[in-house]
Amino acid sequence: MLMLLLTAAKSFSSEAFIVDGNGSPIISPTQVEQKIRTRYSVAGLTVLKVKPAEPYITNLDNPSIKIPVDRLYLNRNSSQSMKLSSDVFVNIYNENLQSVDIDELLRLTLRDIGTLPAGLYSIDLEFVLITGANQNSYNAMYPLRFEVPRNIDISTSSPEIKIMMKQDDVLNLHSNVSNELANQIVINANMPWTLCLDTSNLGDLKGDYYFQVKSAQGAVSGYETQRQKLQRGQKYQIASGTQTSNNIPYGGYRPTTVVVEYTRQHTDNRYLPAGTYMNSLIYSIEDR
């Protein structure tokens, strides 16, 4: 599950009209919720309204990633949600009030976000208060900021890579034998990534071993197409790609896989004695 860390930045308000964040956000896999505290004095006909200052919530680390502000909703006193728009101000309320000091919590919710690319997201909200016999107007800007941390995960279709040598393969000193089942690596990342093959734990090899990426799909931007010999103590970069989420802000996912083939050859025209031979390879994924 992707965790979103929300930080409330300092708001820009006048002493007569104060808008700032209140408490910690409530995080779920599909939305972010932040309480906003409003404080002001009113008398007579009073209008409180809000409008996002921009049409998109922008990823400051990658400004090409944007969330439309129609994902933002505002509630007052558990009332019906009001969808925000950058085109027009939305009235939070429009009432005739007696002279009173108000200290009220509003609930701001970013909904249906799915898996977002990593980065710091930003949007400014403009609040306007109109009140009093002279219909005095006060403005306050509330900067909403939330951070999506980096998240990368890999898994394989099988924990073991099996190369089965039949009798004809053992007796043929020129045979090339590959693993029986495709070794498929599944990648889930909300950021650009590089897939590596680490041979630092590789022990004694009975023969020469090679690997080659046979296919890739999804959020893969490039991969090593040449057959390479396995050497001890190496870290091979075998594929790279972008975040596997798409269809922002609805949280779609591109199934992203890399299929690697392993092959064994005889060494120095020597026959391989019967038996089972074990060794260790490590797949790792890094940001880039």
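Q: Is D70 buried, partly exposed or exposed?
A: D70 is partly exposed, with a relative accessibility of 29%. Here buried means under 20% relative accessible area, exposed means over 50%, and partly exposed lies in between, with a 1.4 Å probe and protein chains only.

Q: What does D70 form with R71, and how far apart are the closest N and O atoms?
A: D70 and R71 form a salt bridge, and their closest N and O atoms are 3.5 Å apart. The term requires a side-chain nitrogen of Lys or Arg within 4 Å of a carboxyl oxygen of Asp or Glu. R71 counts as buried, at 10% relative accessibility.

Q: What should I know about the model itself?
A: This is a predicted model, in which local features need pLDDT of at least 70 and side-chain atom pairs count only at pLDDT 80 or more, while totals for chains, interfaces and linings use all residues. Residues are numbered from 1 along each chain as its sequence is written, and side-chain values use heavy atoms, with hydrogens and water left out.

Q: How many salt bridges are found in the whole structure?
A: The search of the whole structure finds 12 salt bridges. One of the linked groups is a network of salt bridges that joins R76, E95 and E104.

Q: Which residue pairs with R232?
A: R232 forms a salt bridge with D204, with 3.5 Å between the closest N and O atoms. R232 lies in the loop between β17 (228-229) and β18 (235-241), and D204 in the loop between β14 (193-198) and β15 (208-217), so the pair ties together parts that are 28 residues apart in sequence. Strands are DSSP runs of E with at least two residues, helices are runs of H or I with at least four, and both are numbered from the N terminus.

Q: How exposed are R232 and D204?
A: R232 is partly exposed at 47% relative accessibility, whereas D204 is exposed at 53%.

Q: And what about D208 and K229?
A: Their side chains meet in a salt bridge, at 3.5 Å from N to O. D208 is in strand β15 and K229 in strand β17, so this pair ties together parts 21 residues apart in sequence. K229 has a relative accessible area of 35% and is partly exposed.

Q: Changing topic, what does the protein chain contain overall?
A: Its secondary structure comes to one helix and 22 strands. The chain has 288 residues, of which 40% count as buried.
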